Amino acid sequence: MLVTTPPSIPQRPRRPIRELPDELISQIAAGEVVERPASVVRELVDNALDAGATQITLRLQAGGVRLISVEDNGGGIVRGELPNALKRHATSKIASLSDLESVGTMGFRGEALAAICSIAEVSLLTRVDTADEPHGWLLDARSGELQAAARAPGTTVEVRELFFATPARRKFLKTDATELAHCIEAVRRHALARPDVGFAIWHDGKLVAQWRAVGRGGMEALRQRLADVLGEDFVQQAVALDWPLDAPDAAGPGLRVWGFAGLPDAARSRADWQFAYVNGRYVRDKTITHAARSAYEDVLHGHRQPVYALFVSLDPARVDVNVHPTKIEVRFRDGREVHQGVRRAVEAALAVPRSGASAEPVNPQPAAVWAPPARQEGFVFRPREPEVGHRVSDVGALWGGGPGGASTGSARTEFGSARTESGSDRADVFPGSIPSSVRAGTDSVRAEPVKAPANGALPPGDWPLGRAVAQLQGVYILAENNQGLVVVDMHAAHERIVYERLKQQLDHQQVASQPLLIPATFAATPDEVATAEDCTAVLQALGMEITTLSPRTLAVRAVPTTLAQGDPVELARSVLAELGLHDASTVVQRARNELLATMACHGAVRANRRLTLDEMNALLRQMEVTERSDQCNHGRPTWRQLGMKELDALFLRGR
Ligand code: ADP
Ligand code: MG
């Protein structure tokens, strides 16, 4: 065995307790606040925004290490206060504890400029917009020298040779290109929150990014800014959301969540396009990240990272922004409320099927929503304005008379050859499906209360997912819509429909159940028998009845109507297996969804089943009105559009 002797600890000479010199205190503070050039950029842009600037221009050299200059057209600093601006703990933004508790500006700690001055060469050129100040002032931070200088109202802060006095920290910097990228990212975060402010970034004399001011805020301005900053693709593949407008009853006190959530298809391998803001401040917050992620749970699987730009606004008194030196973290007074709000907002937006939505956008006319803080007046808290155009698809109505409605009347099963009590074989397989009414040109004889968006009432040419024309290899449905060809993975799509229907029914505690004429018996394991006996209530809630015939034999006596088409024994076995994994008394949300997904898989139409055109059309119409029907239960897309352009390209047409 190797024996090592501990190194002898050198005795340090005792030192007296002393107050540190100011300069050193600032350098220590700078260690927290300024990690790299991008941190300086963030602080200076914060200051410019707090000063009410509408145009901010950055000039960088060598990734910001040699020079960071931030020029704004904000309110400027009056001459008498200039020396204070560079002092530690000197700020114009708060004056009392109660100010701190309701702070609406980006800055408030009064340490950024002091910290930056301690590790770089700083000069400040500023002019206030008043008649008695005919010129501006230039302050050299090192010498304290102040001289008159020409300038339009506003402020320019120049930071040269970052870390010149602390070479050890300079060594941690990466290449100029990397530092530049971080600087641009810092501005980008600001830019998304403030479409009303124009930004330009120059690097070594070249313009590297420019985003023009677009309006006073609101959803349209945000959409435009997102398109400018993240690309048109981002907004094309994202849905607008605004909560609690989507669910007025669920509002927490003054909590509002709005922005854009990327569709599952737009997810990325890295979490680099997840922008979250609290009262206009970019944050990295576990509550919000987790809530957003869980909103995608049902539509995004594996390691894909959703993309979004989400804005949470709430009463400033309900969030503590003073928990991190760079203010990138916050603490909510009620994290649960925020979690729920974010989750519901995103979930609701993602649930609307795009096929249906294409005819009617989720949020066609957003109201003016985000008002940036007025010049140092603190956070402007605005009541919601009524908004039009929000649509929550009425899925419940489709299960034939609302959730549970399917339990009335004769059993309706999927995909024909139904095992109905009357024994009749019915071909109109999808409850609530449309074509009967279209064909008949009257209200459906079955009086299915299909409400808007009842695409079946539209002329077939307008059906978003088109008119079925064929089935391919028993796997895909081909349909024609006015953009071209729609290809649908029929099993995946149907599985989602069945799953959503089961969820809906279970939420309303009305999973329609259908007794089997002849109970299906099977040889069961002792575990299965025990689970069946322990979980009668849960099974009943799921629309199933399983009784014990002998210690080794179970009988399935009833199955959910929705799943009546499948094999009852297989269904019973997998449900019992799932239930065996969980404590029956706490079939929590998660386990519940897994359970329903398992059941849905049994109920969904199998590949290789031949469908009639009516059946196919019925499936398409149902997809159009089923929440989340654009993804299968495993997060893969259920349908794709091949537009005429793409088809023409395939055949080199028009070249
Ligand atoms: P804080 O932003 O936390 O107040 P800073 O050290 O960043 O602290 O800035 C100190 C003060 O200097 C601010 O409170 C503000 O009054 C003034 N100031 C800084 N930058 C600007 C600017 N670009 N325009 C106008 N005033 C500014
Ligand atoms: Mg500041």
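## Strand pairing

Strand β18 covers residues 484–489 and is joined to β22 by five bridges. The two strands run antiparallel. Within this pair, V486 faces Q641 of β22. The model is a predicted one.

## The sheet

Both strands belong to an open sheet of four strands. The order is β16-β17-β18-β22, and the pairing is antiparallel. The edges are held by β16 (467–472) and β22 (639–643). Each has a single partner strand, so one side of each has no neighbour in the sheet. On average, neighbouring strands are turned by 25 degrees against each other, direction ignored.

## Helices on the sheet

Helix α14 spans residues 490–507 and packs on the sheet. It touches β16, β17 (476–481) and β18. The direction of α14 makes about 65 degrees with that of β18.

Helix α19, residues 613–625, also packs on the sheet. Its contacts take in β16, β17, β18 and β22. The direction of α19 makes about 115 degrees with that of β16.

## The ligand site

Ligand 1 has 18 residues around it. N47, T91, S92, K93 and G110 come nearest. By class, the shell holds seven nonpolar, seven polar and four charged residues.

Which atoms lie 2.6 Å apart at K93? They are a polar side-chain atom of K93 and an oxygen atom of ligand 1. N47 also places a polar side-chain atom 2.8 Å from a ligand 1 oxygen atom. At A112, a backbone N or O atom lies 3.3 Å from an oxygen atom of ligand 1. Taken alone, ligand 1 exposes 530 Å², and the protein buries 93% of that.

Methods
Residues numbered from 1 in each chain as written. Chains lettered and ligands numbered in written order. Predicted model: local features only at pLDDT ≥ 70, side-chain atom pairs only at ≥ 80, totals over all residues. Heavy atoms only, no water. Near = heavy atom within 4 Å. Polar contact = N/O pair within 3.5 Å; in protein donor to acceptor, adjacent residues only side chain to side chain. Areas by Shrake-Rupley, 256 points an atom, 1.4 Å probe, with all protein chains shown as cover. Nonpolar A, V, L, I, M, F, W, Y, C, P; charged D, E, K, R; others polar. Pairing = 2+ DSSP bridges. Axes fitted to C-alpha atoms, helices over the stretch in contact; angles between N-to-C directions. Contact = heavy atoms within 4.5 Å.
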